[in-house]
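Visitor: I would like to learn how to read a model like this one. Please take me through it feature by feature.

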Amino acid sequence: MSHFLDRVETALKDEELKGALDRATERLGSRRSASLASLENSDMIRDMARRAKMGLLKDLAGNLETFEKNLIKNGVKVHWAEDGKAANGLLVDIAKKAGCKRAVKSKSMATEETHLNHDLLEADIDVLETDLGEYIVQLAGTTPSHIILPIIHMTKERIGEVMHNKIKVPYTSDPEKLAKIARVKLREAFLSADLGITGANFGVIDSGTIVLVSNEGNARLVTTLPRVHVVVMGIEKLVPNLADLDLMIKILGRSATGQKITTYTSLITGPRRAGEADGCEEMHVILLDNGRSRILGGPIAEILGCIRCGACLNACPVYKNIGGHAYGDTYPGPVGAIVTPGLRGIKGWKELPDASSLCGACREVCPVRLDIPRMLLELRKHAVEEAKIPFSLRMGLWGFGEVASRPWLYKTGARLGGIFARLLAPDGWIKKLPGLAGGWTRSRDMKAPAPKSFQQLWRERAAARPAGKPPAAPTPAREPAHVR
Ligand code: SF4
């Protein structure tokens, strides 16, 4: 796989990606704000939801055992998978034993994480994604770039091209026509499938219920039409009871898409029973660890409370510029910058926690109030402890420490640096910084420093103020950034 910085470089040059991300994240962000504003006591509900999630993490093992018992009582077969390979192996075994050859899937991040489709195809089991976005991703042979909107990076013209090239339908970029074409293809697959695969948005501990929320209704067809239904869910996806589920449903749709409630919320409590009209004949739940236990025992355990709403992606200035693929794994954005190194280990992923300005917008919008910046800092610390710090960086940090601990030296350096920077910026903007600093101006201009520092302005105003009155704080004029 390419290096993170190379992927970022590629993404920053992609104007189409930038336009698509700007439009979608802006729309989702404003819908979220409006929708949460219409929820009475939203702050309290968010606090309660956080308490419920954090509370159950304190005894995750015990809660999982209770959940397992209740699933079994409902006629569900439960399996435990230590990692992705084991989960895929279990699923292939279930399919083979039941004689299943054609699978339909509804959107599931857990199976993206385990690369399930690849292993199913290797085992000669056809698999088709039935969420519209995931279906396009599958046709295009790529991966989702957002937790909620897998094809946020694609324009309708690009989608039209993919469908034209891959399923040989006449080219159109009309979203309604594209959806109709996909619906016909997917209906055929639903009717012939013998295996339905889903993730789970939540698992309700005290009733052994699997909860799926979606806007397309495909999850209902995946769970009811095929003979066998297999759920692959991360072990952290639990909620204690239906009252707590109600809290989660209230904040999930609002934070994800700005809807008061998603169109379909399915609660599945076991396979079809005698006398029931709908449901599968055989139901399995695979509880996936894949590094979650390791996360639980460390300083970023809080991330296991994530309900995968995607709001932190839409609010993140880094995600909005580089999109999801630059993160290199299943989970993008601020949540991915924590989950990926958490699940896969910091080695190979140490750049991800650096992909944040630590502005705190993610913490602000997170419906369960996860302290994402704190966790990113924990991972940065861990990465530094793990890595061999290059000599040049050690010297640079030592030099900065020496200067910063001597105010006269710091001020002189800042003054000289300011003069030099202004010489590089005849029109007030620096187009290219020299040497190592050049990275800063590779994709944007840098504003030249103001001729007078804040402290100088403060002193001047203090000297000019009438006796006994505090000086008004200087307010520098704001100009938009020059992003290339
Ligand atoms: S970290 Fe919070 S905002 Fe981000 S996806 Fe998870 S629940 Fe949503």
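The dialogue below goes from the whole chain to a sheet, a core and a helix.

Guide: This is a predicted model, in which local features need pLDDT of at least 70, side-chain atom pairs count only at pLDDT 80 or more, and totals for chains, interfaces and linings use all residues. Residues are numbered from 1 along each chain as its sequence is written.

Visitor: How many helices and strands does the chain have?

Guide: Helices (H or I, at least four residues) and strands (E, at least two) are DSSP runs, numbered from the N terminus. The chain has 21 helices and twelve strands. Its C-alpha trace spans about 90 × 55 × 50 Å along the principal axes.

Visitor: What share of the residues count as buried?

Guide: A residue is buried if 20 or more other C-beta atoms, placed from the backbone, lie within 10 Å of its own. By that count, 40% of the 484 residues are buried.

Visitor: In what order do the six strands of the open sheet lie?

Guide: Two strands pair if DSSP finds at least two bridges between them. The order here is S1-S10-S7-S4-S2-S3, with parallel pairing. Strand S1 (77-81) and strand S3 (126-129) are the edges, each pairing on one side only. Inside the sheet, three bridges join S2 (residues 102-105) to S4 (residues 195-198), and Val104 stands opposite Gly196 in S4.

Visitor: Which residues touch the most other members of the largest nonpolar core?

Guide: A nonpolar core is a set of buried Ala, Val, Leu, Ile, Met, Phe, Trp, Tyr and Cys residues joined through C-beta atoms within 7 Å. The largest has 113 residues, and Ala103, Val232, Met248, Ile286, Cys312 and Ile338 touch the most other members. Helix H12 (residues 242-257) gives this core its largest share, seven residues. Contact means that two C-beta atoms, placed from the backbone, lie within 7 Å.

Visitor: Is helix H16 mostly covered or mostly open?

Guide: Eleven of the twelve residues of H16 are buried, among them Gly333, Ile338 and Leu343. Helix H13 (292-296) and helix H18 (372-386) are included in what covers them.

Visitor: What does H16 span from its first C-alpha to its last?

Guide: The expected span of a helix is 1.5 Å times one less than its number of residues. H16 (residues 333-344) reaches 16 Å, close to the 16 Å expected. Gly345 follows H16, with a positive phi near 100 degrees.
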